[in-house]
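Biologist: I would like to learn how to read rings and side-chain contacts in a model. Please take me through one.

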Amino acid sequence: MSNSRFVEVVEDLERTLLDFIRKHGVTHSEYRQATDLIIDSIKAGEESLLLDVFFEAGATDVDNADLAGSMAAIEGPFYLEGAPLLQAPHVLPQRPAEKGDTLVFRGTVRTPDNTVLAGAELDMWQADADGLYSNIHPDIPDWNLRGRFTTAEDGSFEVTTIVPPPYEIPKGGPTGRVLNGLGRHFFRPAHLHLKVRADGFRELTSQLYFKDGDYLGSDVASAVRDGLVVELERTDSGYEARYDFVLEPPRR
Ligand code: MBD
Ligand code: FE
């Protein structure tokens, strides 16, 4: 962000929030409740959950306004750099008897003119069958259901994992208390998170949902978009899904 843009947006945010305080007659005690809420959510290990639930999809829509590649999606609060690098056949790290139905996820990585990208990296993370993320929620081995793998010479990839369930925002935490106060439910539809990167292309943050899944129409984070919903097809051994990613060149 350039300094001139910083000044423009921060001064406008300042004006907007001061107007808001006057408009609603926000008292000092209410102001302090708001700052405590933000601090508490971070201390409770909710990372950026509170702000991501309310605002991240709005910023992502701005990025998606003029698009040459696949639609971007919200990253959410639980991405971590440095997930294990997997060798083929790719299987996301999991416990010996990981709960959940087996999911084989396949696709390709290409450029906007349909050239396949070999050696593109997919960095994937998801909730387990209890709806919990490793390295964030307790009692799960580090890096469980998180991993990086690369596309083959023909630009294709395949990874085996489990079908995630809908994600429920922790009920007892600060973000949950806000949602409860608003009378909203706590669910996000089931989803897979992926980042896709290749040298010379813009990194894509994606997130894929499953057609006909619960909460697609009422995501608590308001982040479902048509281009991000994939079919979940039954097979003899579980389910399969596919998505073809298109990476675009850097914007500037
Ligand atoms: C998630 O898994 C998520 O993706 C978002 C955006 C918010 C909370 C939990
Ligand atoms: Fe998520």
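**Reading the rings**

Modeller: F105 is buried, with a relative accessible area of 0%. Buried means under 20% relative accessible area, exposed over 50%, partly exposed in between (1.4 Å probe, protein chains only). This is a predicted model: local features need pLDDT of at least 70, side-chain atom pairs count only at pLDDT 80 or more, and totals for chains, interfaces and linings use all residues. Residues are numbered from 1 along each chain as its sequence is written, chains are lettered from A and ligands numbered from 1 in the order in which they are written, and side-chain values use heavy atoms, without hydrogens and water.

Biologist: What kind of aromatic pair do F105 and F157 form?

Modeller: A pair of aromatic rings is described by the distance of the centres and the angle of the planes. Rings of Phe, Tyr and Trp (its six-membered ring) pair if their centres lie within 6.5 Å; planes under 30 degrees apart are stacked, over 60 edge-to-face, the rest tilted. The count here is ten aromatic pairs. F105 and F157 are tilted, with 5.2 Å centre to centre and 55 degrees between the planes.

Biologist: Where does the charged end of K195 sit?

Modeller: The rule takes NZ of Lys or CZ of Arg, within 6 Å of the ring centre and within 35 degrees of the ring normal. K195 has its charged end over the ring of Y79, 4.7 Å from the centre. R234 lies over the face of Y239, also at 4.7 Å from the ring centre.
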